[in-house]
Amino acid sequence: MANQRPTIYLDHAATTPVAPAVLAAMQPYFSELYGNPSSIHRVGRRANVALEQARRTVAEAIGALPKEIIFTSGGTEGDNAALRGIALARNAATGANRIITSPIEHHAVLHTAFDLRDHFGFDLTLLPVDRDGLIAPSELERALGDGHDIAVVSIMLANNEIGVIQPLAALGELCRALGVPLHTDAVQAAGKLALDVTELGVDALSTSGHKFYGPKGVGFLYLRHGTPYLPLLTGGSHEGNRRAGTENVPLIVGMAQAFVLVEAERAAESARLRVLRDQLIGGILEEVADVYLTGAPEPRLPNLASFVLRGVEAEGVLIALDLAGIAASSGSACTSAAQQPSHVLEALGITAPDAHGGLRFSLGRSTTVDDIRYVLEKLPQIVTQLRGG
Ligand code: PLP
């Protein structure tokens with residue numbers, strides 16, 4: 001029978017619970033403050049005030065101008081809008097037809113890049129990553145050449161499967177010197193790393209509310225003023241003519257509130273999680289035989305630790321962990337359902353049999369030292385059992 005203790009949720013990279021203060025902030029915008037922010041009358045104007053306040057809040061937190069924020073339906077839309085919107089606009093204006101990205105991007109970026117290659121005539125360069133999952137700025141420099149044919153570069157800030165953080169500022173400098181737009185998928189980084197767009201040197205940055213204790217189905221895309229861009233969705237003149245469709249005011253208000261809360265506690269919470277993460281990493285490497293950490297030990301997200309457990313199927317480990325009351329993941333939420341070995345681990349040069357033993361723990365607000373102790377008690381037993389020991 002399944003363990004009756006409350007679930008120890010160590011899958012915050014997949015999604016997070018909506019914070020109570022976020023739920024409270026959203027609630028009135030579902031009912032009494034239901035206006036359409038485009039309406040002239042006072043009911044609409046009240047919704048518009050909340051919408052524009054949310055825009056200012058988010059902009060300020062990342063060092064952007066309010067007009068540089070486009071509200072989206074989440075990370076997938078933000079990534080699509082940035083890649084397609086910038087690539088198609090640059091191509092139309094200058095003829096630039098090459099996209100540069102990395103093989104460890106989330107599918108929201110990678111499959112969009114493949115689609116632009118396969119159906120829209122773009123050339124695609126995938127930068128190599130080393131065994132630790134890091135991209136060398138010299139590789140980007142080489143791929144950029146003189147930059148004249150590059151439509152857009154997209155490199156994620158932090159990886160969702162292995163937590164590795166890329167040297168975005170150095171990559172941004174190279175792009176800026178050649179006038180090439182740089183997009184970053186900051187979906188996993190938001191709330192854990194500083195997202196100052198000037199320091200990062202990016203022209204576009206996408207996020208997703210549900211990864212930082214906000215609601216699902218909402219995110220924001222930062223688009224630097226003056227960046228060539230064609231909208232993904234056409235229709236009304238919402239979002240400065242860059243994203244048609246009546247704004248989802250309650251979700252946007254909730255996301256902005258969630259972002260304020262994670263930013264306020266980011267330094268202290270990151271330090272707390274880093275200690276727990278390192279206890280988990282140290283404990284697993286010590287207590288489980290034939291295991292290794294995937295991705296560079298540093299720089300990595302403070303809340304993420306991923307491993308290969310040799311000679312076991314991650315699926316079996318996850319089921320056994322679940323029965324013990326522990327929620328973890330075999331990598332990204334999407335690939336775990338697809339049962340495909342992870343494209344990220346493959347790009348790191350990890351063999352297919354090893355990649356089948358990929359396991360990810362992602363910590364969050366609810367995680368305690370007791371949770372980590374419990375995992376360190378259960379996981380070695382589970383792995384030994386599955387190995388037939
Ligand atoms: N990019 C990264 C790095 C992610 O981890 C995710 C979600 O797992 C996404 C994009 C997609 O975000 P959403 O679920 O909001 O579409």
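1. Some ground rules. This is a predicted model, in which local features need pLDDT of at least 70 and side-chain atom pairs count only at pLDDT 80 or more, while totals for chains, interfaces and linings use all residues. Residues are numbered from 1 along each chain as its sequence is written, and side-chain values use heavy atoms, with hydrogens and water left out.

2. On the domains themselves: domain 1 covers 8–16 + 265–386 and domain 2 covers 20–261, the bounds coming from an automatic or database domain assignment. Their centres, taken over C-alpha atoms, are 27 Å apart. In the contact between them (heavy atoms within 4.5 Å), 34 residues of domain 1 meet 33 residues of domain 2.

3. What holds for polar and charged pairs across this interface? The rule finds zero salt bridges there, a salt bridge being a side-chain nitrogen of Lys or Arg within 4 Å of a carboxyl oxygen of Asp or Glu. It does find 20 residue pairs in polar contact, both at pLDDT 80 or more. A polar contact is a pair of N or O atoms within 3.5 Å; within protein, one must be able to donate a hydrogen and the other to accept it, and residues adjacent in sequence count only if both atoms are side-chain atoms.

4. On the side of domain 1 that touches domain 2, the elements giving two or more residues are helix H9 (249–287), strand S10 (304–309), helix H11 (333–338) and helix H12 (343–347). Helices (H or I, at least four residues) and strands (E, at least two) are DSSP runs, numbered from the N terminus. H12 gives the most, with four residues.

5. Now the ligand. It is surrounded by 13 residues, and the closest are Gly 75, Thr 76, Asp 185, Ser 208 and Lys 211; a residue counts if one of its heavy atoms lies within 4 Å. An N or O atom in the side chain of Ser 208 is 2.6 Å from a ligand oxygen atom. For Gln 188 the corresponding distance is 2.8 Å, and a polar side-chain atom of His 210 lies 3.0 Å from an oxygen atom of the ligand.

6. The salt-bridge count comes to 18. One pairs Arg 142 with Glu 139, closest N and O atoms 3.4 Å apart; both lie in helix H5 (residues 137–144), three residues apart, about one turn of the helix.

7. Two backbone details to check. The peptide bond from Glu 298 to Pro 299 is cis, with omega near -5 degrees, and Pro 299 sits in the loop between strand S9 (291–293) and S10. Tyr 213, a residue other than glycine, has a positive phi near 70 degrees.
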